[in-house]
Amino acid sequence: MKLSKRLRQIIAFVPHDAIPLDLGSDHGLIPLALIREGLVKRVFASDISLKCVAKIKKNTENYQDQVIAYQAAGLDSLPKDVNCLIMAGMGSFLMINILKAHRTSLSQFQTIIIDSHAEVPLIREYLNDNGFMIEDERGIIENSHFYEIIKFVPGKGTYDTDDVLIGPFIKNDAMYLRNMVQRLEGNLETLSLKMVPKNVIQDLKDKIRRYQKYASKRTN
Ligand SMILES: C[S@@+](CC[C@H](N)C(=O)[O-])C[C@H]1O[C@@H](n2cnc3c(N)ncnc32)[C@H](O)[C@@H]1O
């Protein structure tokens with residue numbers, strides 16, 4: 001099975017022999033890869049959609065004892081032995097709402113792996129305010145999409161505003177940042193042709209400046 005770079009990075013962050021829950025699993029490719037590659041012995045996969053749960057069951061039918069798929073909204077019906085949470089392919093607002101609804105359950109996770117497709121700084125901030133620090137993170141570019149995969153572990157990090165915006169590890173990835181600057185400059189060009197409020201343009205210019213500072217710092 002050829003996994004995308006994005007999914008490969010997510011599974012690379014799963015600790016050996018963890019008991020993960022892939023929340024919002026959709027196709028079940030993450031649990032399938034974890035089992036096939038022998039990285040974990042058992043994995044849970046949930047989705048709010050019954051259709052997706054059926055899809056996960058079909059895709060993992062050869063591993064029924066090891067991939068336990070179930071329908072649930074967010075962290076409802078969370079199995080007690082899960083110690084690693086994976087949330088990928090959703091935006092930070094949804095992820096934060098899911099976490100907020102079961103704040104007391106968060107202490108059961110030794111690892112939280114996040115691949116948020118929107119407003120990434122918000123999830124960095126939320127999880128750090130709620131007992132998790134960033135152990136590692138990677139910026140991945142695939143088919144012109146930018147993904148930031150973050151591994152959180154229990155603890156408290158000390159992050160400045162650039163750490164929250166760009167990422168404390170991604171800040172050192174000059175190649176990723178240079179590509180990000182190019183993309184943001186493209187966005188700026190597009191926005192400049194439209195009737196958007198001046199403060200939106202100014203915010204984007206500030207953001208580009210902050211990225212540029214790190215993009216030109218190191219070469220890798
Ligand atoms: C875009 S897919 C991402 C699939 C996979 N995680 C990935 O990264 O490739 C988002 C999935 O989240 C599910 N989802 C959305 N809201 C949810 C919620 N509140 N609880 C559980 N699953 C949810 C959707 O049904 C959908 O299957």
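Q: At what angle do the axes of helix 4 and helix 5 cross?
A: First, the ground rules. This is a predicted model, where local features need pLDDT of at least 70, side-chain atom pairs count only at pLDDT 80 or more, and totals for chains, interfaces and linings use all residues. Residues are numbered from 1 along each chain as its sequence is written. Helices (H or I, at least four residues) and strands (E, at least two) are DSSP runs, numbered from the N terminus. Axes are lines fitted to C-alpha atoms, for helices over the stretch in contact, and angles run from 0 to 180 degrees between N-to-C directions. Here helix 4 (residues 92–100) and helix 5 (residues 120–129) cross at roughly 20°, with axes within 8 Å.

Q: Which residues of helix 4 and helix 5 make the contact?
A: Contact means C-beta atoms, placed from the backbone, within 7 Å. Helix 4 gives Ser92, Met95, Ile96 and Leu99; helix 5 gives Val120, Leu122, Ile123 and Tyr126.

Q: Which strands are joined to strand 4 by bridges?
A: Two strands pair if DSSP finds at least two bridges between them. Strand 1 (residues 20–23) is joined to strand 4 by four bridges, and the two run parallel. Six bridges join strand 4 to strand 5 (residues 111–116), also parallel.

Q: What stands opposite Ile86 of strand 4?
A: Asp22 does. In strand 5, the bridge partner of Ile86 is Ile113.

Q: What handedness has the unit of strand 4, helix 4 and strand 5?
A: Point the strands away from the viewer: a clockwise path from the first strand over the helix to the second is right-handed. This β-α-β unit is right-handed.

Methods: Two residues are in contact if their C-beta atoms, placed from the backbone, lie within 7 Å.
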